[in-house]
Each structure stands twice: as C-alpha cells, then as structure tokens.
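Take the chains one contact at a time.

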Amino acid sequence: MSKRSILALYNNFDEAEAVVKELRTTTIKGFDVNDDLIIKSPIEHPEVEEFLGNKPVNIQWFTLVGALSGGLLAFFLIAGAQGNFYAQSKGGKPIVPFPPDFVLTYEMFILGGVYITVLGFLICAGLPAKRSPLYSAKVSEDQIGILVDAEESAAATLKGIFTKHKALEIQEEAGK
Amino acid sequence: MHRFLRLSILLVGMFFAVGSYATDTAPPITTEDDLGPQVEQPIEFPHNRHAGLHDPADDADPSKPAKGGMEINCMYCHTYARRSMVAGIPPLRKCIGCHQSIESVKETPRIKKLFEYWEAKKAIPWKKVHDLPDFVRFNHERHVQRFVFQQNRPVQEACGYCHGDIKTMTVARRQKPLTMGWCASCHQKDHLVSASSSETSHGPNDCFTCHK
Amino acid sequence: MGKDIREDIAWAQINNDVLKSLENPRKLYWVILFAAMLVFSVGVGCEIYQYNVGLGAANMDNPHMWGLYIATFIFWIGMSHSGTLLSAILHLMHADWRKPIYRFAEAMTTFSLMTAGLFVMVHLGRLWQFYYAVPYPSERWTWPNFQSPLLWDAMAIFTYLSSSVIFLYIGSIPDFAIARDNIHPGWRKKLYSILALGWEGTDRQWRNFRVTYLTVACFLIPLAVSVHSIVASDFAMSQQPGWHVTSFPPYFVAGALYSGCAAIITLFIILRYVFKFEEYMTLPILKKTVRLTFAIAMVWTYLNCIEFTATWYSHDQVAKDVLIQKATGPYAPFFWGMIFCGSVVPFAMMVKKWQTSIPVMFAVSLLLNVGMWLERWMIVAPTYSHGYYPWTWDHNQWPSLIQWGIVFGSFGWFTLLFMVFCKIVPSVSMYEVKEMVYHRSLAKKKEELGLEGGH
Amino acid sequence: MSVSNLLQNWSTFRHEHPINDKPHAEIKWAMTIDLDTCIGCNACSVACYAENNLPVVGKEKYAHGQSMHWIRIERYWGETEVKEEYDPNSNFDMVQQDFQADQGAQFLPMLCQQCEAAPCETVCPVGATNHTEDGLNSQIYNRCIGSRYCSANCPFKVRYFNWWNYPEQENAWPEPLPLQLNPDLTVRTKGVMEKCTFCKQRTYTARNNARSEGRPVHDGDVQTACQQSCPTNAISFGNLVDPEARVAKQWEQQQVDLAKEKQEKDEKADNKLRGYRILEELRPYPSIMYLERVRESAV
Amino acid sequence: MIENGFDETTSHSAKPQSEGQAAGYNRRDFLKTLGWGGTAVALSGCGNTSIENGKETVVSYVEPTDYQIPSIGVYYNSTCAQCDAGCNIMGRVREGRVLKLEGNPNSPVNRGKLCGLGQAGVQAHYNPDRVRQPLLKGEAITWDKALGLIAEKLNGVKGEEVAFLTGTMSGHVRALLGNYMDALGSKNHFVYEAVSPAVERAANKKMYGVSMPRYRIDKAKVVLSFGADFLGAWISPVNFSQQYAQFRKGSRPEGRGVLVQIEPKMSLTGANADRWIAARPGTEGMLALALINALGTAGLSIPTDVTAVVKDYTPERVSLDTGVSFEQINRLAKLLKERSPSLILAGGAAEGYAHGTQNAMAIALLNHVLGNVGKTVEAAAGVPFPQIAPIPGSRSALTALGNGLASGKYKVVFTYGANPVYSAPAVSKFSENFSKAGFKVAFAQYLDETALAADLVLPLDSAMEEWATEVPEYMAAPEGNVGYAQLSVRQPLMGRLYPDTRGAGDILLALLKQRKADEYKGFEDFYAYLQSAIMKNKAALGGADCADDKFWNDTLGSAILPLKGVAGSISAKPAIAGFALPAPVTADASYPLRLIPSISHSMRDGRNANEPWLQESPDPMTTIVWDSWVEIHPKTAAQLGIREGDIVEVTSKSGSIKSQAYLFPGIHPDAVSVPMGYGHQAMGRYAKGVGANVFAMLDPVYDKETGELAYHETSVKISKTGERIIIVKEEGPARGSQVGRKKIAVKVSADKVDLSKEV
C-alpha cells in the first residue's frame, strides 16, 4: 500500500482554514486530520493552532529540568570545588561562602534553563531535519502550504478538495 | 512521551556524572607506573645493580657477573637528601671511592668512562629526570625526615613514593606523574606522625610551602 | 505621527528588500567596513606590542592598577543591554514596533559582549594563563576563586553571551530559511541551508518556536539585569572609597540600558541609510526609541544624583574626598563632560522636531555614548588616584597611546563584526515584519469593516 | 574527596578561618614596628631588595609609579592645626607651606600588612593569594594571571605589579648581577603581582628545621631581612601565638587584639599605650602593629 | 628550582683562595651552574607548567666539601668596605656565590646590623661596570706588562717624585704600602677623603686630648647635636644607630633620651630629633657658648676660666645672631642642667666653616662644662701596632698633592680608593694638575673619573674577593671593655668573578717584589704575607696558647681579632684659649644664599654611586631617587617664585649647577642644600649622568686651623631656568600630608605615654 504526499499552496489563512475544515469533515481512507496534516506558513500564526486543534507543547518541561539541574549542578560543583580546592583559605571568609555561590548558582540556573530549553526546542520541533521534498519557496515568502499524507487511492479526493478551494499550486510525490 | 522521560533520565544522569567527576577529581595516589621518557645519560648508571635486591643465586658462583643488586641505601650516595632541599647527585669522588678498589669491573666501558671524567676533574653532566618546573620547590629533607626518620619507613619505599621503583631500573626514569594534583593528593592524606604513635597529620596545604 | 510601518507592503517585497541588504548595500558600507578594519588592526598592533613587553606599555602604575581597559569593558558590557531590552522586554510587552529593529540590536548585544570579553583578556597581565580562571578539573587540582566578583563576571558574561547568541540564532532561523530559499546557489546558500536547520515553517515548528522564544526571552531579562549588577559588584564589593556604594548595581544597569539605547539610535541611523531600510526603520520607530532613551537618561541622571548625595551625606569622609576630587581635581573636565553629555544633552531629545531629525539624533546619540564612556572612566580612575592612603595618591597618570590604541581598536572590532554580520544575516527580521504588517493590515481591515459597519 | 566529603565536612568548610572562630594553632607571624626608633634610614628596604630579588626599575619607570619596593619608607611632616581639615580645593603646592619641621619628620615603613581578613584575598579570580596556616597572606606568582584586582582592593597599596619583563627584556640585572639573586625564591616576570611575604623563604626554613628537630619554632629562629638589618631594632617579628615571643609580649602589653577592629584601650580616656594598627577600622585585621612616634614636649 | 645549583667551586674562608682553585675550581662550570641557580626566571615566557625530563643538566661536585651543602646558605665573616666605619659583616654564600651581606652579631661595631650602603656591597662586587683587565690608556694588557711598565716608569725617578694618593687606610695593606713608599724612598703618601671628620679630630685633640673619643649616646639622657648626622653618615652610623635605639628606650634606667639637633639643613638625625633648630649657618659655636652662659644663669657652676671666655656670648646677643629664640636657649639650658649626663656632639654642619675648628671646640667645651667628659665621652683605645693603625683621610691632603702636581714635582702618581678628579672643587684645577704628572696609575674597581684620567688602570678585586685587614678609626667596644681595640679581617667570600683582578695587597706586594725581591720572595701572595704577619704576632694577638692552625682558623672564622688596646686618656681639663667666633656674615647681595652640600646617607662622597640599589633607595627626607635636587625653604621659594620641579640654576663664584627644586620645610630660609655624590661623568651605567656634582662649585675657603676645605662657606644665588619637570620621588602629591587620616603616622607627646613598662 503506497502512500502519497500532496502539498497545496494558498494565498491566505482564510482559504487554508476553509480547506482544513473541509478535510476535517470529509472522511478519507488512510487520512487523519490530526496526524497527516501539516500547515506550512511564512509567519507564526496563532489562528492556525485554533483550526488545527490543540496540540501539546512540551518545551516547558525541558526548561524546568534544565534550570533546576543547572542550578543544582552549579551549587554542588562550586561548593565541591571550594571544598576540594587545595587550601583555599580566604581571610575571614568561610571556605564555602553562600553569597558568591548563590550568584553563580543563579547564573547557572539561567544557563541550564536556556540550553536545555533550546535542546527541547530542537527535539520537539524535530530540528535539524532534512527538508521534505514537497516544499515550496513560496511558503517562506507569502503563501500557506497544506501538506497531507494519504493513501494513493485518496489522492484524487484530496486534490479535488484543494482545487476546490483555489489552490495556487499542487505538488505531489509518492511516499515510501 | 517516552522520549521526554528518556531525556529527563539522560539529563539527570548527566548532572550526576559531571557533578561527581568535577567534585572528585583527586587523581589516584598510586598511579600506574607510567614510565617517563628514556633519558640519555652520559653514563648509563645501573641503579638496579647498586640499589637492587640481592639475588641469592649470585652467592653460588662469585666469578660470574652478578644478577642481583647490592641493596645500597639510597642516601649512601644521595647524601644531601636528609639535610637539604635537594637530594643531590653524588659527587664524582663518591663513585671513585668505591670503584678504585673494585678491580672486577674496572675495565668495563662505563667504569672506564667514569675514570676519564675523574682524571679530567670534570663533573659528569647528568640529565635531570625528575625535573619539576622552576617555581616548584620540593623539599627532600622534610620528606626524608618525616617518612624515613620519624615514621621508620624503609628508605626505598619512602623515596620510591615519588621516584618509583628505582631499584629495578638502570638509568632512572620518571614513573610518577609529579603533577601538583598528585602531590596534593598525598598531602591531603593523613599520615602517621611517628612510628610509635597513632597520631596522624596531613601535609601542609598552603601554597607557600612549595611555591616561593 | 506617521505609521510605524506601511500596512500594504507586499510580503515578497519585504523578502526582497531585506535580502538585497545581503547583496548590495550602499558604498558607505564598504567605507565603514574598511575603516573599521583599519582601526581594528591598529588595536591588534598595540595589543601585540603590549603582550610582548608587558602591561607597562599601557602606562598604568601603582596605584592606577586598572585603566581604560576596565572602563571600556564596562562600556561594552553596558552597550549589550539594549539588545535584550528591545528584543526580550519589549517582546514580552507586545510592543510590535520593536520588530524591525530588534535583530540588529540583538546582534549589537552579542558583539559588544564579545568586545567586552576581549578587554578582560587585554587587561590581564598574563593573558597566556587566562585559563587559570576557567573552572575545569585540572591536573593541578586547583579551581578558580569563586568568591571573586571577577569570576562572577566571567560566569555572567559567558551565560549572557551564550544565551544571547542562542536567542539571536533561534530568532533568525525562519529568516535563514527565507534566505536559503531565495538566494542564488553558492556558498551562502549552503551556509543558510545549514543555519536554517531544515526549517519549513510547519505548524509544529512554529508552535515550539513560539514557546522557546518566549522562554528564552524570559530568561534573558533577569540575566541582563544580573550581568550588569555583577559588573557593578566588581566595584561595589571592593572596599575602595567611591566604589563601595550600594546603589551601584541599579546605577550600572540604568547606565547600561542608557548607553545601549544611544548606540541603537546611532546604528539605526547608519543601517537605515547603508542598507536602504527606510521602509522598515521608519522615523516613527526612531521617535519611539528616542523617547525610550530619554526616559532612561532621566533614570540614570536620577541615580547619579542618588550616588552623589548618598556620598555627600554619609560619614565616609574618604569617599567624599574622592567625589570632590573627581569634580574639582585633574579629572574635572572629564567629570563635567560626563555630566554634560549624560544629563544635559538628552534634553535635546525633548524637542519634538529633533526627535525625527536624523542628523540631530545622530549627533546626540554619539554624544550620549561619549558621556557614558566617560562615566565608566570616572568610576574607575579617580578612586585610584585618591584612595584611602594619601601617600600613594597619584595625579599624573595618563593612559599611553598603546592603551588608547587598544580602546579605539575595540570600536573597530565591534564595527567590523557588526558590519560583517549585517552583510550575512538579515538585519531586519523578515518574518516578524511580515507579522507586523499582517497584524496591522488585519487591524486596518477591521477598522475599515467597523467603519463600514458603522455606516 | 568527593561530594560525600563535602557533606561530611560541611561545618568545617563554613568556618570563618582565620578571624573569630578558628584562630591560628601553631604559628601566627606578626610584626611590630616601633616608629619611635625607626630612623628612616632605608636599610630595611635595601635588605628587601637583596633578599627578595626585587628589580631596580630605573628612573623613568620609577617616575611612572612602577617601583617595586616591597617595603617603602614614608616620610610625614607635622602639620599645623589650621590645616588639619583637609581642603581638597587647595593647591598642593601650597599645602607644603603648612608643614612643620621643628619636631623633625616622621617615618613610617609601609609593607604588606599580612591582613587576617585580607581584602585582596577574596577578590583574586584565580585564588593566587590565600591565607596560609601561619597567618601569612600568600601570593603565588605562578598562579597569578595579573588581573590586579587584589591591588585595586588593597587599602594600603602595598602590592606591586610587574608591569615589565624586568629579568629579560628590561635587563634589570645585567651580567653578572644575576649571580646575586637569591635562589630560594623565584624571579618574577611580567604580568605578576608581588608583595612582601614576611620573608617566607626564611620562615618556612625555620619551620621546617624546627619540625625536623621535633620542636616548636622558638622566638629568634627566624628574622625577616628588614628586621635583621634594622640598625635600631625598630622591627620585631615573630610568632604571635607563642607567649614567649617578643612580638606577642608587645601586642599583649600594648593591648592590641588581632581580631578586633576597634581596640578597647582606645576608648579609654587615660590610654597611655601607643600601639595601633593602620586603617584598622576597615576591618582587614592587619598583622603589623605600629608604635606611635614619641616627641619630648619639654624642649 | 628543585635540584638546586651546586657546583664544585667553593669559596672557603679557612683556606686561601689558591687552594680553593686547586680543589677543582673551574670557572666555566662555576658560572654555568650558578647561572641556572640564579637567573632561572621561573615565570619566563609562557610559564611552562609541564614536567620536562632530560632537558636540563644537573652538575654535581667532583669532590664533596663537608662544609657546603647544596641549597643551604653558609655565612662567612668579613669586613665591610663601603665606608670607613669598618662594620663587621657576614656574607651568605650558597653554591659558591655570595648572595647577601648581613651584620656580624659578634661585632661591637655594628652588632649584627648593617645599613643599606653596606648591603649594597654585593652590587659593588657583581657590578657590571667593573674593570676586568689592566688597561693602558684604555687598551687591555697583561699583568706582567702592567707591572713591567710601572717598574720601567719608576726607573730613574727619585723617591720624592713619586706620590701615592689613597683614601683612609689601615691594616696590613697600609703597612705594605708604607713599606713600598719606604722602598721607593718617598714620603708622599697622601690620604684623602672628600668627606671626613678632619676638623673634628683637630678640635677633639685640643679639647679632649684624643682625636676620636668614644661617644656614649646610649648612656646620655640628652643628646644635643650640632650638625652631627650620627644616624645618617657621620663616622660610624650603624654603631650610633644601635646606641640611639638604646637611648630612646623608655624602659632604660635613664628613661627615654631627648635628642635636640641644631643644623641649618635637616639631616636624618634632625628628622628624628625631638626638637630641630635651624640656627643661622656658622653660628653654632656661638650658640654653644651662649648655652654655657645660660647654664650658669640656671645655676650650674661654671669654672671661672670658662666664664671669662664665654661672657661676651650672652643668650640675648646670641639669640639675635643665631636666630634661635632666647626662650629656646634657656629651655635647652634648663633641660641640659636637669638631665645629666648629656652628650654634646659637633658634626660636619657645624665645622664646614673658616672658623670650623673654633666652632667644634666651643661645642666640645659644653661637654666639659656639663661634666660629660669621662661619662658620655670616653677615651677609646688605640691599636698596639702603629704601622697598621688607620691613617685618617683629610681634604687638606688633596690640597698638598694638588700643589705638588701643579708645580710639576711628581713624575709618577698612584691613586687607590680615592676619586679626586670627581670630588675636587673645580677652582682647584685638580684634573688639570693631575694631567701634568708623567705617569699616573690608578688602582680601580670602576673606570671612574680618576681612572679615566690615569695612564694605567689596575683592576682591583672587590671587597668580596680580596684579602685585607682593617682597623676602624672609631673604635667601638663591647659593654664594659673600655680598653678594647680590634683588627677586622676582610676575606674572600667567593672565587674571583674575573680572573684578572687583583687585591690591592697583591698588587703592592708585586710592586714591592720589584724593589726588594729578597725580602718578599717568601710570600707567594698577599694572603701568605697576611698570614705570616698575623701568625708572627700570635701571642700579642691573644693566641699564645692556641695551636697555629686553630688560631688562624678561628681568626678567619670570626674575622675579628680583639686586641689589647693602648689605653687612651681623655683630658678632663681642656686647654681653653679665647674663642674668636666671627659674627654671622651679612649676605652678599649678589650671592644671598648659603649653599649646604649635604651628605646623602647612601651616596656619601659618590664612590658608591654605581650601585643601583642605592640610586633607587629614596633619600629619606625628600624621597627623591635617581637624581640630585636643590632643597629650598618654601618661604624662600615663594619669594623667588620657585615651585617644586622647577629646574633652577645654583651659581656660586666658582661654578654653577642645574637641578630640580624641591621645597623643603627642614632647611634654614637663608640656605639651599644640594646632596653630594651625584653628577658623575664616568664610573658606570648607574652613576654616569645622574644628577649634578656639587663638589665642582665649592668656593675655595679653608678652615683656618686645619686647612680643610670649608664646605659650608659657599654663597650662591639661585635662578629659575624656565624648565619644569615632575620630580621622580616616592612621595605622592599629598607630600607626606595625611589629610585627615589620623591613624597613619601618629605622633604623641612623651608625657602622654607610659614607656617604662614597654617590652
């Protein structure tokens, strides 16, 4: 059973929204709106999420883990280093003094947070990745792309829907 | 979701790995004997022959060249070690003192060379084997006093701590890392104050001790 | 007041205009680039000399242990704060007029931090041993001294620099994708392909992108505040009269935002001309920036007064002496220069006509920066020449040409990096300008609809 | 050592060594300088040059404030009452006219005060300056990267920076002068901070010898170079912990407490003691006590 | 440096140097091994921290020596040669090189202490500008040739045509020189010191019967010093400083002593005085006599003959002449009367006048009146061997030599330890006269001005290399041993740095061998001569029951030979003639100021100017380094419109110098002061061209009784040149003002502290 990917380009969000609505209501074999539909747009567009339905974003968990482990790592690393630094006796100050360690912990808290958040972003957004073959430079300019994966047999139906909504261009390619 | 769980485990693991590595960087006190580079010396002095352990097999036939050593105390030749910062290379006179009456080896190339230096009254240009950077001042006297005289450790063990198993070498080679961390690891350990008491103390740990 | 941006710019036009800046800027670009290179190479020459003969070449002495290097270091650290202000703070506040100008402000952050980092190095007596200050497990079994504010500095700057680079990069990914798609094949296309990380603008990417960008922005704000207050603690944590002041951290932060904003105005004007960004870097945006700068200038002036009055009314006679010495001694011209440039010149920004006058604002922003540089020098130097111990006073110290050379070289280095950056990375955020245009046009449409509906 | 060590010894690491809760156990080197017998002859300073391999920097560098004397002799004049209130607006050329010479001048040898809570120690980014077991403020040349923060934070300005490469490029010791250099301590090169060490090469030798002989360090076992040369014995140096040491007796007699920033005797109206420490109120807890200069009022 | 430098060389006090060389001394190795012991610049280059194997060589001894352990410093005793005080020193020697000089604790002279000048002796030894070979008109020649040349030049020259100019001499080198002069048949040994207490000797001789009594500052309750800078540069400063330390002790039975200094320019001693009084220059003697008057008024019984002499000098009159207030004179008299014993000293600042001897005698009279003679002024013992007793130098010797040279009397002139070409006043035209001598030989360690003017320069050993003995002129004694005298031994502390230098004794011996080969052929070198000379008198030197070897080793071990001194006797009754103290001169309108050439405590007469430590050691009073200066009172300066750092020209009738002005409150408003010892034209890299030479501009006025140059009799005028510089000095712009910081240098009145219980 072979699969087929189809990309359709639209002029604006309203048209794209209409397409998605139609796809949602139509039953097509081997095509699920939630899994097989990808919208490509040149700008970030909160409305896209609305008509696509809520999809979870998990980056905040990375942030939490990163910031906490960054902070903890910093404190233990620094306190440990101070404890193990061969004879680091500073006049009138304890060997493990809190105020400077807190400053550094604070910095590492942020550093850990930022690094791991970005790591999370790459993982969650699936980057870096190879560009899918069905990509149009128009998307980075001003057009909205709708990419669907469906079974070979459903291709025609999908194309029909796309053309119906005045797709500017339709590309297709056989999947694996 | 599994992906995120895996990631958390990975991150926590990373944290502990880095943390415990970083806070636990003490190099092990006893290192693998990592033989330092072979240093070309003007005379290939056989430490094993002089300081090495006696081989009972040698007693059987004195005419054959001996295989074992003579168990000479390190400080017999390196005489300054117990009273000065530096151990000192023995003066030429010391070598001659014994060798002029040891007829059996007098014609060997090494001893011939030794006598050449002696006759020219020229010091032998030995190469440094345990050469610390110039700003490090290791005090032989303190260590010998502490470990040999106060703690009654065998000389070869005390010296071998830093100089390695010299008695098995011909020309000495550096076996120990001699890095600061390596020195420090020993200084942080508690050592018996003397052979008779169970009191312990660790080495001095201020920088001035070695850096002057 | 005009519009921040025209609503009817075609999106393709935006791509076109911005990408053109990567290809053919005005001739002035090359002039600036080569001038910067020249100045930078003078600085490099001076540094090589100083490295070889020792820091005596800078003509510092006992007690003038720190010279222009530290002053300029603070200056550059300060300058970095504006990028964060524009991109992070205003982002959180949904001030969309920031969109055309935040990219270069962020680049400024990155490069001024890199310049500041250079000064840490230049300042060191034994540059070749700088790695002793890096905390890593070594065979020496030693660590840096975590109690030293300098180390906090290093840590904060490292965090800030790496976070800023990440922030800048993350924010540019969609633009790299645009550049990748539109630039003709060659090494640049390959570069953009790599930098774009395969960005396609899918809904998943955008979704995660938004959260990440917001999160990092949230981190950056406290970070920026901490960085400059830590730099302030280099002084405030010490015991010297004139430095041991509790108001230093907020004072430094305000000063940082101030000099950063002034620098943004300068670069705004330069970029607008050099890259023909008149459509995007519009005068209304300039006006907003100018007003923001004026507000910060007043905060800074206020904090300045706080510092002086606090010293004046305290019982610390020595600190008072230092202050008086600053205002009346050999440093008086510089001190009053700082007051003039920092507190008087900004009033020019109150004049409505001048707020959008390019030449006036260019001059004013340069003067502000001179004032802020003088401020840093006036923090560092006078305390040395008039410390606790009268025997060691020294009023004859003057930086050598080598020292000046390196300081000027740093301006070349910064400009060089910045100009090269602008030639490689789109210095106006295309996707965000599109968003801005989109939202404005929606709003306009709504307005029109509303108006129609009203009829 | 490891994290477990950190947790085990947590309370130790929180000790505020050496001030307050953990005084020096065996040795605390300290000094007393009697300003009444100090005649300002500079013998101590020359002795320091000889002992500690200090470079002679020459006129030009001296003019730039780059001299390297670890101990400097400061000369003060009596000032008239009118001028006690410092007027920063006055021209310094004029200040001198109010100097009084009829009771002679005052000399004050200024060297590193080996502070117990040294402002320099906490700020060094690489930990090149620390407190030693013997209460010295150590400066480790080979660790120093030359950030000069220590000197910036020193209220006495007694730290000296190697602005130039004196041994090599500046040729501070043309042949055969290098033969005079003391091999017991390193010759510093450019980019390194240095300062008085209370002749560490001597104190450590004395300490080592005493340990080898299994005895404590006695008073008189070690003299600093400046103390040794001082023609009027104005400098005494020794172990403050040893009650038999002259220094300890002097501190005791003068009622100067190392760990206090304000001495009780100074509060008393009938204080007849002349021991004091310079800039004590900044709380560095200096290890050098000065004895006030005395002048006979009958003449 | 871990395996530290050790080499096979030894410099070994108990053996002659030649033996040391025989024992495998190899100069090349010596330098090589020492090189990395000393110059190892540990932080060089990139601060390499890695461990290197086999990159460096360690050189061991060929033969071990039981007295020298590598890395451990050994102290050898010797005698300082930096000034004439004759301090006993010990040198720290490690791996065959001397590192540092310290005082010998067993010495009664300096009691283990050493001044900065003395410590700089190692820099004289390791000085990069030393003469390394015999030089004939600048060309290096061999010793054989040099000695041959001297023999040739002396050939046919009559004894009286040879002159030998030296500095102060004593000990066996002096004896040998005496023998040489005898062998030449010459009596022309001139002993010259540019700065010497010659006037004082003459006055002392008259007033006490001895020329150099022993002063007991430590016993006195009050010291009243008329310009004697005994803490700085006067006679035996380290000894006096030690006494001063005792004198200032509150816990002493006598209580803390009071020091009053009377001098026109504040010296180091003046800076330490409880009261510093600037009397008008030249009126010191008058002031002393007025004090006697005032003491009489205060109730002290004054012998009638004294009263007769001093009656004209009433405090009222003298107060006008000296500018010291009447009250001040009475206060001083009261103090002197109440606190006895006191000690009155007269030094250079009171003696440098045409009536200098008179001044000094008047001051000494005060000691008699106060009954100090015998209490704080003791007779010192003399050495029992007159041929090694010190011949004190004087300035008049140079005048005599100069006159002889001018008349062309001297064909061959030797100089040793003196630099007259530098330190003679320009008007005496010494260098011109010097060039008239046919053949001039300079024994020299540096190519100084005199050596450059000489035909033949013989390179001398440094004081760390040579053998010599010395008898200090001022004989300090251990407590309670009045009849003590000593012979100090100077011995090599290390091997010669340069093979071609010789000790003065060796050269003289070689010269003597040219004349009396038979008598001296038994002595291989000066060491042999010295040893035999001392061993011959072993019994007299207190070694009667000591084995020869032990005695010799002990002598070298301590480097001090205590002698049974010839007791001197001090006369309780001075010969009082009438004093003719001139009224203070009214200033010449064209030269209104008095020039006071001051003796800087480290530069002295300039012979040590090439030692960089001394150049960089700030002058204690002005804190100026590396230059000379003109001290002007701020009031005078204000009148002349001079500010600090102005380059001023100081002009006398005999010459002028230019130097930087320094406003100095410790100087009489009618005087300006310039330090001596600067302004060398030659000598070496550290001395040449530094500052201005004040000797050159002195007026030729002489003390009427001794013929000494009257140093303080030069009148000058001062003018601005228009140039201004920033003075290179240690003090900052606050100039020793503490500006409100009360706890830096604190001064307290004696009645406000309790000194009696101090530790």
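V294(D) stands opposite V748(E), a residue of β27(E). The model here is predicted: local features need pLDDT of at least 70, side-chain atom pairs count only at pLDDT 80 or more, and totals for chains, interfaces and linings use all residues. Residues are numbered from 1 along each chain as its sequence is written, chains are lettered from A and ligands numbered from 1 in the order in which they are written, and side-chain values use heavy atoms, with hydrogens and water left out.

β11(D) and strand β27 (residues 747-749) of chain E run parallel, joined by three bridges. Strands are DSSP runs of E with at least two residues, helices are runs of H or I with at least four, and both are numbered from the N terminus. Two strands pair if DSSP finds at least two bridges between them.

Now widen the view to the whole interface. In chain D, 96 residues are in contact with 110 residues of chain E; contact means heavy atoms within 4.5 Å. The two chains bury about 9000 Å² between them, and 56% of it is on carbon and sulfur atoms. Buried area is the accessible area (1.4 Å probe) that two parts lose on being put together, summed over both.

Chain D and chain E share 10 salt bridges, each a side-chain nitrogen of Lys or Arg within 4 Å of a carboxyl oxygen of Asp or Glu. One salt bridge pairs D266(D) with K743(E), with the closest N and O atoms 3.8 Å apart. The elements that give two or more residues to chain D's side include α3 (43-52), β2 (72-79), α10 (246-253) and β11 (293-295). β3(D) provides the largest share of that side, nine residues. By residue type, the side of chain D that touches chain E divides into 46 nonpolar, 27 polar and 23 charged. Here Ala, Val, Leu, Ile, Met, Phe, Trp, Tyr, Cys and Pro count as nonpolar, Asp, Glu, Lys and Arg as charged, and the others, Gly among them, as polar.

Look next at E102(E) and R202(D). Their side chains meet in a salt bridge (2.9 Å, N to O). E102(E) lies in strand β4 (residues 97-103) of chain E and R202(D) in helix α8 (residues 200-212) of chain D, so the pair joins two chains. Both residues are buried, that is, under 20% relative accessible area, where exposed is over 50% and partly exposed is in between (1.4 Å probe, protein chains only).

Other salt bridges stay within one chain. K206(E) and E705(E) meet at 2.9 Å, N to O. K206(E) is in helix α7 (residues 198-208) and E705(E) in the loop between β25 (671-675) and β26 (714-724) of chain E, so the pair ties together parts 499 residues apart in sequence. K206(E) is partly exposed at 43%. E705(E) is partly exposed at 37%. In chain D, R215(D) and E213(D) meet at 2.8 Å, N to O. R215(D) is partly exposed at 26%, while E213(D) is exposed at 53%. Over all chains, the structure holds 73 salt bridges.

Finish in chain A. Seven of the eight residues of strand β1 (residues 3-10) are buried, so this strand is largely enclosed by the rest of the structure. Eight bridges join β1(A) to strand β3 (residues 144-151) of chain A, and the two run antiparallel. Within that pairing, S5(A) stands opposite D149(A).
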